[in-house]
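Please look at the sequence and the 3D structure below before reading on. The paragraphs that follow walk through the structure step by step.

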Amino acid sequence: MTLDFALEEHTLANGLRLVVQPDDTTPTVTVNLWVGVGSRHEEPGRTGFAHLFEHLMFQGSAHVANGEHFQALMGVGGRLNATTWFDRTNYFETIPSGALELALWLEADRHANLLAAVNQANLDNQRDVVKEEKRQRYDNQPYGQALATVYATVFPEGHPYHHPTIGSMEDLDAASVQDVHDFFTAHYAPDNTVLTIVGDVTVPRAIELVERYFGHITHRAQPRRAPVAPLPPLSEPVRVEVADEVPNDRIHLAFRLPAEGGDTRDEFLAASMALDCLGGLSFSPLEQTLVRDEQLANSVDVGAMGFVDGVSLGLVVADVADGVDTDALEERICAELTAFADAGPTPEQIEAVRAQAERGWLSALAAKDERADIIGHYTCLHDDPGYVNTFLDHLAAVTAEQVQAAADRWLRPQSRAAVVYRVAQDQEEVA
């Protein structure tokens, strides 16, 4: 099924890439900016900077006071936020179409003139905010450090994905105002940014407004480095055991996968489909056998994280049921991985995974904000805004043989990195 969302691309003289997707079904418009900087662009001793800027970007700029960005857009009925990840940082708002000019002016001011407001007081304030976020989301949550441990285990020291997006608090404490200014100057520039506009606006009007508000920005980002060399599957299992105050034992099995884009795009898709066949369906072997039939696990979750810097990540996460031997459950999971890599998916599994992925894709595209985010993703990271229309064709073209081949290469148990949380012994005794 080929979709036909009308896309218009326009590149400003300063390098800013604009993608417009008109949609007048409702009088709203989404503005979504993807900046090509995430935690993988950080240098040793300077981790956490990409995420820090997600916060700093709402603290004012040359012509906007602290907090005014939120106040101005929410005051006209808009909703807005930002996120940071390994490969990018994005900023987005959905507003009534009459507020489009306001949204673009606000975005242009902070993307061009943020550093006028980044002083010692703002830096200290937002460092404290990030530290509190780390305490709440990572340090004081059960299994809160699990993914950070997974990244550090499956990717070698010095690799772009070795450290989590939240970064090191020691690095942030050591950062000077000049360090932070230098990071912004290196990465926040029109030629490292994709602006996607989806909604109730014509293409000529969108181009005219973007040229008016962003066209004067002449700063250029530092040259982008090429992706690092692709990582092969782990040659042998690696393991980290964590004893902690957690509700139950939990097994995280992580696997290197091929990068999401370029020549390995379809192989990544096949590996992602393999994981869904294994555990993403009600009748998948990990779900049907280990959770429903034998009740060895309370739940099993699977998923693939698509990255662009030479590698991606696959995960199988199992919550161990009370009274079940954790090592024995891991062995059972490994046996299912081996059986799947040997035999491949059944026709029913492939059909169900395709249908599930298609439903999820169409559901996401139905909302303007999610559609804008998908277009920004594939434009910024893969230079392919049209993937919004062709993904389902790629999905339909993946064969059972490709899914098996991906599982055989990437998801064998000997290629796993295991991060296993166990209930601390003193906690068991208290209970």
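The UniProt record, an unreviewed entry, carries the annotation "domain: Peptidase M16 C-terminal" for residues 176-356. UniProt positions are given in the numbering used here, feature names are shortened, and annotations may be inferred rather than shown by experiment. This is a predicted model, in which local features need pLDDT of at least 70, side-chain atom pairs count only at pLDDT 80 or more, and totals for chains, interfaces and linings use all residues. Residues are numbered from 1 along each chain as its sequence is written, and side-chain values use heavy atoms, with hydrogens and water left out.

The span 176-356 is 41% helix and 22% strand, and its end C-alpha atoms lie 48 Å apart. Helices (H or I, at least four residues) and strands (E, at least two) are DSSP runs, numbered from the N terminus. A further annotation in the unreviewed UniProt entry, "domain: Peptidase M16 N-terminal", covers residues 19-151. For residues 19-151 the end C-alpha atoms lie 33 Å apart, with 41% helix and 20% strand in the span.

Next come some single residues. Asn-192 sits in the loop between helix 7 (177-187) and strand 6 (193-199). Is Asn-192 buried or exposed? Asn-192 counts as buried because its relative accessibility is 10%; buried means under 20% relative accessible area, exposed over 50%, and partly exposed in between (1.4 Å probe, protein chains only). The side chain of Asn-192 reaches the backbone oxygen of His-187 at 2.9 Å. Leaving aside neighbours within four places in sequence, Asn-192 is in contact (heavy atoms within 4.5 Å) with Trp-34, Val-35, Gly-36, Val-37, His-187, Ala-221 and Arg-224.

Thr-153 belongs to helix 5 (residues 146-154). With a relative accessibility of 18%, Thr-153 counts as buried. Not counting residues up to four places away in sequence, Thr-153 touches Val-238, Val-240, Ala-417 and Val-419.

Leu-209 is part of helix 8 (residues 203-214). Because its relative accessibility is 1%, Leu-209 counts as buried.

Glu-370 and Gln-402 are another pair to find: they are 32 residues apart in sequence and 29 Å apart in space, C-alpha to C-alpha. Glu-370 is in helix 13 and counts as partly exposed, at 40% relative accessibility.

Now turn to the nonpolar cores. A nonpolar core is a set of buried Ala, Val, Leu, Ile, Met, Phe, Trp, Tyr and Cys residues joined through side-chain atoms within 4.5 Å. The largest one has 54 residues, and the members that touch the most others are Met-273, Val-316, Leu-329, Ile-333, Trp-361, Val-403 and Leu-411. Helix 9 (residues 265-279) gives the most to this core, with nine residues. A second, separate core has 53 residues, including Val-31, Leu-100, Leu-123 and Ile-217.

Helix 9 also packs against helix 10 (residues 285-293), at an angle of about 30° and with the axes 4 Å apart. Helix 9 is therefore roughly parallel to helix 10. Axes are lines fitted to C-alpha atoms, for helices over the stretch in contact, and angles run from 0 to 180 degrees between N-to-C directions. Angles under 35 degrees count as roughly parallel, over 145 as roughly antiparallel, 65 to 115 as roughly perpendicular and the rest as oblique. Cys-277, Leu-278 and Gly-279 of helix 9 make the contact with Pro-285, Leu-286 and Glu-287 of helix 10.

The last topic is the backbone. Most residues other than glycine have a negative phi. Tyr-143 has a positive phi, near 60°, and is found in the loop between helix 4 (120-139) and helix 5. Gln-295 also has a positive phi, near 55°, and lies in the loop between helix 10 and strand 9 (297-305). Tyr-143 is buried, with a relative accessible area of 9%, whereas Gln-295 is exposed, at 55%.

Key. Polar contact = N/O pair within 3.5 Å; in protein donor to acceptor, adjacent residues only side chain to side chain.
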